[in-house]
Amino acid sequence: MVKIDKELNEMEENIIKMGNKVILMHTAVMDVLEHPDKEKELEIIQSDDRINHLEEEINDQAITSLALLSPVASDLRKVIAAIKIASELERIGDYAKNIAIFMIKHEELDENIREYARSMEKEFIAMLENAITCYMNADVEAAFEIPEQDKQINTLLKETKHNVTKQQEEALLEHVFEISSMLRNIERAGDHVKNICEHVIYMVKGQHYDFG
């Protein structure tokens with residue numbers, strides 16, 4: 001029992017560590033949206049490798065727990081949730097990398113678009129921070145509340161896309177698909193945070209819930 005507790009604690013610590021690193025990636029995205037900087041953008045891209053390595057480490061810990069330690073049902077749910085949350089965080093890190101790649105190619109992006117993207121990122125980062133805290137505390141009540149924050153991200157996305165298509169600047173119209181795809185990265189990251197909340201509910205209650 002002591003050994004399984006040790007494995008689970010280490011796995012939880014790695015999830016929290018991974019989550020904090022992903023938060024730092026998206027915080028850096030906010031910075032380069034305000035002040036484009038190729039060096040910082042490249043750092044974001046390189047950070048994604050460290051996120052991927054952490055996911056692999058968590059998966060290895062999960063395999064050890066499952067294969068050698070015969071966890072009871074509640075512990076088994078913790079292992080399964082850890083695997084799934086690590087996967088969600090890996091995808092969220094990918095979205096930060098995608099935005100950094102976009103910024104390298106589009107340093108002269110319209111200031112209004114960058115400001116909307118920053119607003120979306122700000123909402124998203126708060127949502128992810130809350131989800132990591134929710135996981136740390138096994139807080140089911142918070143897990144049901146956090147997905148509501150995603151509505152503001154979706155509202156900002158709609159407003160931004162409307163403004164892009166309404167404007168007649170040739171430079172904006174020429175890259176409207178790429179701009180939309182860049183903004184979609186933030187919107188999809190929010191969806192993955194909702195998934196993390198679903199996994200927390202499963203971990204604590206053993207119930208499957210879908211926030212759609």
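Trainee: Is Thr 160 buried or exposed?
Mentor: The terms rest on relative accessible area: buried means under 20%, exposed over 50%, and partly exposed in between, with a 1.4 Å probe and protein chains only. Thr 160 has a relative accessible area of 0%, so Thr 160 is buried.

Trainee: What pLDDT do local features need in this model, and what do side-chain atom pairs need?
Mentor: Residues are numbered from 1 along each chain as its sequence is written, and side-chain values use heavy atoms, without hydrogens or water. The model is predicted, and totals for chains, interfaces and linings use all residues, whereas local features need pLDDT of at least 70 and side-chain atom pairs count only at pLDDT 80 or more.

Trainee: Which residues does Thr 160 touch, not counting those up to four places away in sequence?
Mentor: Thr 160 sits in helix α6. Its C-alpha atom is 8.7 Å from that of Ser 180, a residue 20 places away along the chain. With contact taken as heavy atoms within 4.5 Å, the residues that Thr 160 touches are Ile 113, Tyr 116 and Leu 183.

Trainee: How many helices and strands does the protein chain have?
Mentor: Both are DSSP runs numbered from the N terminus: helices (H or I) have at least four residues and strands (E) at least two. From the N terminus on, the order is α-α-α-α-α-α-α-α. The count is 8 helices and 0 strands.

Trainee: What is the radius of gyration of the protein chain?
Mentor: The radius is taken over C-alpha atoms, and the globule rule is 2.2 Å times the number of residues to the power 0.38. For 212 residues the rule gives a value near 17 Å for a compact globule, and the chain agrees with this at 19 Å.

Trainee: Which residue forms a salt bridge with Lys 97?
Mentor: A salt bridge is a side-chain nitrogen of Lys or Arg within 4 Å of a carboxyl oxygen of Asp or Glu, and the whole structure has 9 of them. For Lys 97, the closest N and O atoms in the bridge are 3.3 Å apart. Lys 97 lies in helix α3 (residues 73–105) and its partner in helix α2 (residues 38–68), so the pair ties together parts 49 residues apart in sequence.

Trainee: How far from Glu 198 is the nearest side chain of opposite charge?
Mentor: Lys and Arg count as positive and Asp and Glu as negative, with His and the chain ends not counted. Glu 198 is in helix α8, and beyond its neighbours within four places in sequence, Glu 198 is in contact with Tyr 209, Asp 210, Phe 211 and Gly 212. Glu 198 is buried yet has no salt bridge. The nearest side chain of opposite charge is Lys 194, at 7.1 Å.
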